[in-house]
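The following note concerns helix packing and pockets. Please read it alongside the sequence and the coordinates.

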Amino acid sequence: VFLGGTIHDVAQVVGAGYSMSHETGDTATLVKLVRVALLLPVIAFAAALARRYEAQAGASEGTRPPLLPWFAVAFFVLVAVHSAQVLPAAVIDAGQSASQACLVASMAAIGLKTHLKEIVTVGWKPVALMVAETVFLAVLVAAALRLGWV
């Protein structure tokens with residue numbers, strides 16, 4: 001639960017969890033995917049607030065982005081379809097294999113395009129924000145575990 005609740009990247013959660021045990025990997029992945037699924041209502045709420053603010057400020061409508069990004073909607077639809085158990089096992093297995101292959105390819109691509117020099121040029125503020133966010137999540141999840149909320 002702690003791994004899935006605190007690590008930012010799905011692939012890192014999977015790697016960290018399964019490196020400990022199969023059960024830990026399953027739990028960490030589930031917790032992380034619940035966090036990802038909860039992004040949908042948070043994104044919708046934030047977008048609605050932003051649109052409301054724009055309307056009150058008298059901003060022109062122009063070309064606004066969609067209320068929800070397509071990947072978030074696609075994730076929700078896939079979760080709903082899988083949860084309804086309407087797909088044959090072969091389709092689910094093929095989807096899981098494709099998902100794993102895409103995850104490996106995306107992580108490799110990120111690794112190949114990441115250069116330490118570029119990270120250093122970003123400055124200390126984004127790094128401090130990431131550290132603060134990680135500490136906040138670690139304290140929040142540890143407290144939830146300690147208090148028996150999870």
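**Note on pockets and helix packing**

1. Thr-6, Ile-7, His-8, Asp-9, Gln-12, Ile-119, Met-130 and Thr-134 form the lining of the second largest pocket. A pocket here is an open set of points on a 1 Å grid over the protein atoms alone, where a 1.4 Å probe fits, with protein on both sides within 12 Å along at least five of seven lines; lining residues have an atom within 4 Å of a point. The second largest pocket holds about 240 Å³ of space, a volume being the space filled by probe spheres set on the points. Its lining divides by class into 3 nonpolar, 4 polar and 1 charged residues (nonpolar: Ala, Val, Leu, Ile, Met, Phe, Trp, Tyr, Cys and Pro; charged: Asp, Glu, Lys and Arg; polar: the others, Gly among them).

2. The model is predicted: local features need pLDDT of at least 70, side-chain atom pairs count only at pLDDT 80 or more, and totals for chains, interfaces and linings use all residues. Residues are numbered from 1 along each chain as its sequence is written, and side-chain values use heavy atoms, with hydrogens and water left out.

3. The largest pocket has a volume of about 1,800 Å³. It is lined by 41 residues, of which Val-10, Leu-33, Phe-75, Val-79 and Ser-99 are the closest to its centre. At least two lining residues come from each of helix 2, helix 3, helix 4 (39–57), helix 5 (70–83) and helix 6 (89–113); helices are DSSP runs (H or I, at least four residues) numbered from the N terminus. Helix 6 contributes the most, with 11 residues. The lining comprises 29 nonpolar, 8 polar and 4 charged residues.

4. Helix 2 (residues 10–20) packs on helix 3 (residues 22–37) at an angle of about 160 degrees, the axes being 6 Å apart. The two are therefore roughly antiparallel (angles over 145 degrees; under 35 degrees counts as roughly parallel). Axes are lines fitted to C-alpha atoms over the stretch in contact, and angles run from 0 to 180 degrees between N-to-C directions. The contact (heavy atoms within 4.5 Å) includes Val-10, Gly-17 and Tyr-18 of helix 2 and Gly-25, Ala-28 and Val-36 of helix 3. By class it has 7 nonpolar, 5 polar and 2 charged residues.

5. The axes of helix 3 and helix 4 cross at roughly 20 degrees and come within 4 Å, so helix 3 is roughly parallel to helix 4. Here Arg-35, Val-36 and Ala-37 of helix 3 meet Leu-39, Leu-40 and Pro-41 of helix 4. This contact has 5 nonpolar, no polar and 1 charged residues.

Note on methods:
Parallel < 35°, antiparallel > 145°, perpendicular 65-115°, else oblique.
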